[in-house]
Amino acid sequence: MHINKIVFFSALSISLAGCSNPNTADNANFSKAVKTYFQKKPELTAACIPLAFVEQFPAKIATSDAFSKNTLMQLEALTQAGLLTESNTTLPVSAIGLGQSHTESAKEFTLTDLGKKYIIIGTDFFDSSPNLCFATPKLKDITNFTTPADAMGYRVSQVSYEYNLTDIPSWAASSLVQKAFPQIAQSLNKTISGNSTFVLTHQGWQNEKLVN
């Protein structure tokens, strides 16, 4: 009889656990929401670095332009790492007010198959530039969340969390790449803090960047 009671209450606990409300503001639901956010928007975490002055690939970068000097160094490092191929080309340059034009030397960079895996186009409305994604963000803990409140017709909560970067590819550990992208070395082997607004939807809590 005692054993039967144990089995009954164990089954009841499992049943109740399986019926948890996804709309509740708690660590479990926010953990799930943060993980979904990491999966769908890694470019908005420390796992990715925007490539400045690069709008798309193939990308043409002038070799004599002082503003793109750092970008050129970064792309050449990624070429050495096998993410890009590089070739010589030219870019047209207009002489403002003179009605004349000429060309200047440039480098053209194209994604390799490896590059297509780690360089992704941003999906944020305000930033759709390419991003170098060198790791996978992994949630460590939900450290705090505010009491849900109404704002602009939505039920929202500010969620604070900590995460680490995992699955670091070998090319990201090279000294050449880390010199071109010092953010990589600064982000490895440390706990990173994040804070985002989460919105209550008919599918439960979601990061505001995932809500249309």
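This is a predicted model: local features need pLDDT of at least 70, side-chain atom pairs count only at pLDDT 80 or more; totals for chains, interfaces and linings use all residues.

Reader: OK. How many disulfides does a search of the whole structure find?

Author: The search finds 1 disulfide, meaning a pair of cysteine sulfur atoms within 2.5 Å. Cys48 and Cys133 form that link, with their sulfur atoms 2.0 Å apart.

Reader: Where do those two sit in the chain?

Author: In distant parts of it: Cys48 is in strand 1 (residues 48-50) and Cys133 is in strand 6 (residues 130-133), 85 residues apart. Strands here are DSSP runs of E with at least two residues, helices are runs of H or I with at least four, and both are numbered from the N terminus.

Reader: And which hand is the link?

Author: Right-handed, with 110 degrees about the S-S bond.

Reader: Are the cysteines buried or exposed?

Author: Cys48 is buried because its relative accessibility is 6%, and Cys133 is buried as well, at 10%. Buried means under 20% relative accessible area, exposed means over 50%, and partly exposed is in between, with a 1.4 Å probe and protein chains only.

Reader: What about the rest of strand 6?

Author: Both faces of strand 6 are covered. Pro130 and Leu132 are buried on one side, Asn131 and Cys133 on the other.

Reader: Which strands are in that sheet, and in what order?

Author: It is an open, antiparallel sheet of 3 strands in the order 1-6-5. Strands pair if DSSP finds at least two bridges between them. Strand 1 and strand 5 (119-121) are at the edges with a single partner strand each, so one side of each has no neighbour in the sheet.

Reader: How many bridges hold strand 6 to strand 1 and to strand 5?

Author: 3 bridges join strand 1 to strand 6, and 3 bridges join strand 5 to strand 6. Cys133 is also the bridge partner of Cys48, while Ile121 stands opposite Pro130.

Reader: Switching topic. What lines the largest pocket?

Author: The lining includes Pro22, Asn29, Lys32, Gln203, Trp205 and Leu210. A pocket is found on a 1 Å grid over the protein atoms alone, as an open set of points where a 1.4 Å probe fits, with protein on both sides within 12 Å along at least five of seven lines; lining residues have an atom within 4 Å of a point.

Reader: Which element gives the most to that lining?

Author: Helix 2, with 5 residues. Helix 2 (27-40) and strand 11 (204-207) are the elements that give two or more residues. By class, the lining has 4 nonpolar, 5 polar and 2 charged residues.

Reader: Last one: where is Asn21?

Author: Asn21 lies in the loop between helix 1 (2-18) and helix 2. Asn21 counts as partly exposed because its relative accessibility is 41%. From Asn21 to Gly204 is 183 residues in sequence and 8.6 Å in space, C-alpha to C-alpha.

Methods: Residues are numbered from 1 along each chain as its sequence is written. Side-chain values use heavy atoms; hydrogens and water are left out. Ala, Val, Leu, Ile, Met, Phe, Trp, Tyr, Cys and Pro count as nonpolar, Asp, Glu, Lys and Arg as charged, and the others, Gly among them, as polar.
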